[in-house]
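Please look over the sequence and the structure below. A short report follows, section by section.

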Amino acid sequence: MPIPYVVPMGVLLPDSILRHEVIAVLAAFVAINTVVYVTLAVAKILPKFYLRDWLAASNRRAETRSIHPDAPVGGPTGGSLGDRLAQPHRRTPE
């Protein structure tokens, strides 16, 4: 009865090929590519960020034109940072 050749799990190529410079360059490219795609995927999951909504705007009305006379002046972005984050995001077409 012949003894079967035992190959350690996970080893597909000999050590001499895996330590070659071309393989190291390829591995670095794959690593960078993976980081870029993970970053893009996470950025796509997060809500859109508009810098203009966080900056003070000079085009805000001094008086409210709401049907509710007690509405806060300044529109949906008026108030503190916590108030801004709690309100739903509304954008109008420009």
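Ile17 counts as partly exposed because its relative accessibility is 39%, and partly exposed covers the range between under 20% for buried and over 50% for exposed. This is a predicted model.

Ile17 sits in helix α1, which spans residues 15-18. Ile17 also belongs to a nonpolar surface patch.

## Fold elements

The protein has 4 helices and 0 strands. Read from the N terminus, the order is α-α-α-α.

## Surface and burial

The chain has 94 residues, and 2% of them are buried. The protein exposes about 9300 Å². Carbon and sulfur atoms supply 67% of that area.

## Confidence

Mean pLDDT for the protein is 75. Of its residues, 55% reach 70 or more.

Which elements have the lowest and the highest mean pLDDT? Helix α4 (residues 81-86) has the lowest, at 65. Helix α2 (residues 21-45) has the highest, at 96.

Terms used. Residues numbered from 1 in each chain as written. Predicted model: local features only at pLDDT ≥ 70, side-chain atom pairs only at ≥ 80, totals over all residues. Heavy atoms only, no water. Patch = residues over 30% accessible without salt bridge, like charges linked within 9 Å, V, L, I, M, F, W, Y side chains within 5 Å. Areas by Shrake-Rupley, 256 points an atom, 1.4 Å probe, with all protein chains shown as cover. Salt bridge = Lys/Arg side-chain N within 4 Å of Asp/Glu carboxyl O. Helix = DSSP H or I, 4+ residues; strand = E, 2+ residues; numbered from the N terminus. Buried < 20%, exposed > 50% of the residue type's maximum accessible area, 1.4 Å probe, protein only. pLDDT = per-residue confidence, 0-100.
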